[in-house]
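Colleague: Please take a close look at one part of this model, the packing of helices and strands. Start with the terms you rely on.

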Amino acid sequence: MTTKANAPKRRATKKRTRPAPKKRTPSDVERANGGLTGKQVFALWALLLTGDGKPLSQQKVTLDRAVLKGLEGARLITVEPGSRKKDPAYGAKFHVTDEGWVWANRQGLAAAFARTSSAAVVLEALLARLAKYMEVHGLALDHLLRPRPAAEATASAATRPEAPGAPAPRVAEPAALEERILAAYLQVTGGALNEFVRLAQLRALLGEAPAGAVDEALRQMQRQGGAVLYPIDDPQRIRPEDDAAALQVSGERRDLFCITR
């Protein structure tokens with residue numbers, strides 16, 4: 001009979017514990033972010049998605065002026081002075097530069113954000129733009145979350161069995177130039193209307209479309225009342241690509257394009 005006195009003693013076992021994850025230092029974050037702090041990464045993404053060309057009073061999230069100063073020093077943004085000569089910082093607008101977009105394309109998608117509740121606003125804006133982009137290009141979320149090489153996707157589509165009696169697939173007709181302009185516009189703005197974009201950005205996305213045909217389509221869209229062509233008022237903001245893409249309307253130069261409806 002086994003009693004407490006003669007019961008075999010069990011050997012104590014040590015509880016296995018996982019090593020605590022190594023905390024990232026500020027220098028680790030900056031190396032991963034291409035030299036930017038977590039706060040600078042958050043501010044730049046906020047401008048890219050919700051606040052490009054807007055003053056601080058119209059930003060959807062609170063942005064620190066010192067952080068923005070650092071982005072300006074890195075040439076990732078420019079600051080357009082406000083209308084008050086004695087206080088140019090009042091009403092100043094912040095614009096993401098070409099270098100800022102290059103950073104976003106190369107390092108921004110893998111960068112480490114500052115941990116802040118305001119990041120939810122930036123995430124919502126990103127998801128909204130993704131939704132518009134997928135709608136314009138006929139994509140599904142599966143294309144983004146489970147991407148496959150183009151050759152594999154084509155082979156899969158070619159070998160997929162057709163349902164009995166299914167109609168033969170139709171060859172897509174070429175889109176009208178105005179529809180291509182609309183698609184390019186929405187790609188630049190992330191699906192939003194009532195935002196001015198540079199004609200240089202539109203022409204770059206329209207590829208080999210004849211410049212004369214594009215010019216006439218832009219004028220026609222303005223005549224129909226659903227779009228506006230506008231000049232860049234500040235000569236300091238005009239870039240060489242703007243000179244090459246500029247459009248003449250009634251003898252006056254136009255550099256920007258906005259679809260209102």
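Modeller: Helices (H or I, at least four residues) and strands (E, at least two) are DSSP runs, numbered from the N terminus. Contact means heavy atoms within 4.5 Å. Axes are lines fitted to C-alpha atoms, for helices over the stretch in contact, and angles run from 0 to 180 degrees between N-to-C directions. The model is predicted, so local features need pLDDT of at least 70 and side-chain atom pairs count only at pLDDT 80 or more, while totals for chains, interfaces and linings use all residues. Residues are numbered from 1 along each chain as its sequence is written, and side-chain values use heavy atoms, with hydrogens and water left out.

Strands β4, β8 and β5 form an open sheet in the order β4-β8-β5, with antiparallel pairing (two strands pair if DSSP finds at least two bridges between them). β4 (197–198) and β5 (227–230) are the edge strands with a single partner each, so one side of each has no neighbour in the sheet. Helix α8 lies across β4 and β8, at about 100° to β8. Helix α10 also packs on the sheet, where it touches β5 and β8, and its direction makes about 120° with that of β5.

These helices also meet each other. The axes of α8 (residues 177–189) and α10 (residues 211–223) come within 10 Å and cross at roughly 80°. The pair is therefore roughly perpendicular (under 35 degrees counts as roughly parallel, over 145 as roughly antiparallel, 65 to 115 as roughly perpendicular and the rest as oblique). From α8, Leu-177, Glu-178 and Ile-181 take part; they meet Ala-213, Val-214, Ala-217, Leu-218, Gln-220 and Met-221 in α10. By class, this contact has 7 nonpolar, 1 polar and 1 charged residues. Ala, Val, Leu, Ile, Met, Phe, Trp, Tyr, Cys and Pro count as nonpolar, Asp, Glu, Lys and Arg as charged, and the others, Gly among them, as polar.

Another open sheet has 3 strands in the order β1-β3-β2, again antiparallel. Its edge strands are β1 (54–55) and β2, each pairing on one side only. β1 is joined to β3 (residues 93–96) by 2 bridges in the antiparallel sense, and Lys-54 stands opposite Phe-94 in β3. β2 and β3 pair over 4 bridges, also antiparallel; here Glu-80 has Lys-93 in β3 as its bridge partner.

A further helix pair is α2 (residues 38–51) and α4 (residues 98–106), whose axes come within 11 Å and cross at roughly 110°. α2 and α4 are therefore roughly perpendicular. Val-41, Leu-44, Trp-45 and Leu-48 in α2 meet Gly-100, Trp-101, Trp-103 and Ala-104 in α4. The contact has 7 nonpolar, 1 polar and no charged residues.

Strand β2 (residues 77–80) also gives the largest share, 3 residues, of the lining of the second largest pocket. On a 1 Å grid over the protein atoms alone, a pocket is an open set of points where a 1.4 Å probe fits, with protein on both sides within 12 Å along at least five of seven lines, and lining residues have an atom within 4 Å of a point. The lining has 13 residues, with Thr-78, His-95, Arg-198, Gln-236 and Arg-237 nearest the centre. By class, the lining divides into 3 nonpolar, 4 polar and 6 charged residues.
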